[in-house]
Amino acid sequence: MSRILIAFLLIFTYTNSHAQINELGIFLGGSNYVGDVGPTSYIAPKDFSFGILYKWNRSKRHSYRISYTQGKISASDADSKVSGRKDRGYSFENSVKELSLALEFNFFDFDLHDSGPITTPYITTGVSLFRYDELYVLNGTTRTDDSRNAFGIPIIAGIKTRLTDSFILGFEVGARYTFTDNLDGSNPKNDQFKRLQFGNLNSNDWYVFSGITLTYTFGQNPCFCAE
């Protein structure tokens, strides 16, 4: 975590000396998981998540975005509406620590030269690298094996508005398609636990961050006019 903070401070120092609009802020919200254990609702935040993010507004319609987000994910078969899962009775807890690089696209012009309120919906996608615990289920109990890194694809939709000349408030829901099927212990990578696999082994897991962003703008206003 300290290395991530140092990286953001370096970005802040570098970009503050360039003639562009930059944003630096926080994310606060909830997280949930979708996979082989528990409910199958895609947007159902139940655990706390938080993060920091930086945006470089390249034009009125798009920004480059880097973010670090972490949160807990958990699920229980007891909360599922699927009878087979309820009878099985598995549950798990895990943590996700994610670094993401993405492109944010605004549906309407978000020109920070304009005075007064500005609001636009937006979508974001890119690539994420995240760290999580490798789990396995033995005799009905979920246990931790080790920690691994995996890639994911963030698919984020949100809406943002300018509160003042310097602060922008947003609300977003971001689903992450992951390149792992073991956030829940259903498909352990360790060969010793292959016999313990369960669920749909052909479908990877998802996790979702939903919440608010508050960013502070700094740097000189860019010129979005044609050269």
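Trainee: What should I know about the ground rules before we start?

Mentor: This is a predicted model, so local features need pLDDT of at least 70 and side-chain atom pairs count only at pLDDT 80 or more, while totals for chains, interfaces and linings use all residues. Residues are numbered from 1 along each chain as its sequence is written, and side-chain values use heavy atoms, with hydrogens and water left out.

Trainee: How do you know which parts have low confidence?

Mentor: Look at pLDDT, the predictor's confidence in each residue, from 0 to 100. The protein averages 89, and 88% of the residues score at least 70. Over residues 15-19 the pLDDT stays under 50, and the model has eight contacts beyond four places in sequence for them. Where pLDDT is low, the predicted coordinates should not be read in detail.

Trainee: What makes a stretch a helix or a strand here, and how many of each are there?

Mentor: Both are DSSP runs numbered from the N terminus: helices are H or I with at least four residues, strands are E with at least two. By that rule the protein has two helices and eight strands, in the order α-β-β-β-α-β-β-β-β-β from the N terminus on.

Trainee: How do you know that strand 5 and strand 6 pair?

Mentor: Two strands pair if DSSP finds at least two bridges between them. Strand 5 (residues 119-138) and strand 6 (residues 141-162) have 17 bridges, in the antiparallel sense, so they meet the rule. Phe 130 stands opposite Ala 150 in strand 6. Strand 6 is also joined to strand 7 by eleven bridges, again antiparallel, with Tyr 177 in strand 7 as the bridge partner of Ile 153. Four residues lie between the strands of the strand 6 and strand 7 hairpin.

Trainee: Why is Asn 139 called exposed?

Mentor: Exposed means over 50% relative accessible area, buried under 20%, and partly exposed in between (1.4 Å probe, protein chains only). Asn 139 has 72%, so it counts as exposed. Asn 139 is found in the loop between strand 5 and strand 6, and its phi is near 55°, a positive value in a residue other than glycine. That hairpin has two residues between its strands.

Trainee: Why is Asn 182 called buried, although it is in a loop?

Mentor: Asn 182 has 0% relative accessibility, so it counts as buried. Its loop runs between strand 7 (167-178) and strand 8 (206-218). A contact means heavy atoms within 4.5 Å, and, not counting residues up to four places away in sequence, Asn 182 touches Tyr 132, Asp 133, Glu 134, Leu 135, Asn 187, Pro 188, Lys 189 and Asp 205. Its side chain also reaches the backbone nitrogen of Asn 187 at 3.0 Å.

Trainee: What makes the Arg 61 and Asp 109 pair a polar contact?

Mentor: A polar contact is a pair of N or O atoms within 3.5 Å; within protein, one must be able to donate a hydrogen and the other to accept it, and residues adjacent in sequence count only if both atoms are side-chain atoms. The side chains of Arg 61 and Asp 109 make one at 2.7 Å. Arg 61 lies in the loop between strand 2 (47-57) and strand 3 and, at 32% relative accessibility, counts as partly exposed.

Trainee: Why is the pair of Phe 48 and Phe 50 called stacked?

Mentor: Rings of Phe, Tyr and Trp (its six-membered ring) pair if their centres lie within 6.5 Å; planes under 30 degrees apart count as stacked, over 60 as edge-to-face and the rest as tilted. A search of the whole structure finds 15 aromatic pairs. For Phe 48 and Phe 50, the centres are 5.8 Å apart and the planes 25° apart, which is stacked. Phe 48 is exposed at 53%, whereas Phe 50 is partly exposed at 28%. Elsewhere, ring pairs link Phe 27, Phe 130, Tyr 132, Tyr 207 and Phe 209 into a cluster.

Trainee: How do you know that the charge of Lys 160 sits over the ring of Phe 110?

Mentor: The rule asks for NZ of Lys or CZ of Arg within 6 Å of the ring centre and within 35 degrees of the ring normal. The charged end of Lys 160 is 4.6 Å from the centre of the Phe 110 ring, and Lys 160 also lies over the face of Tyr 122, at 5.4 Å from the ring centre.
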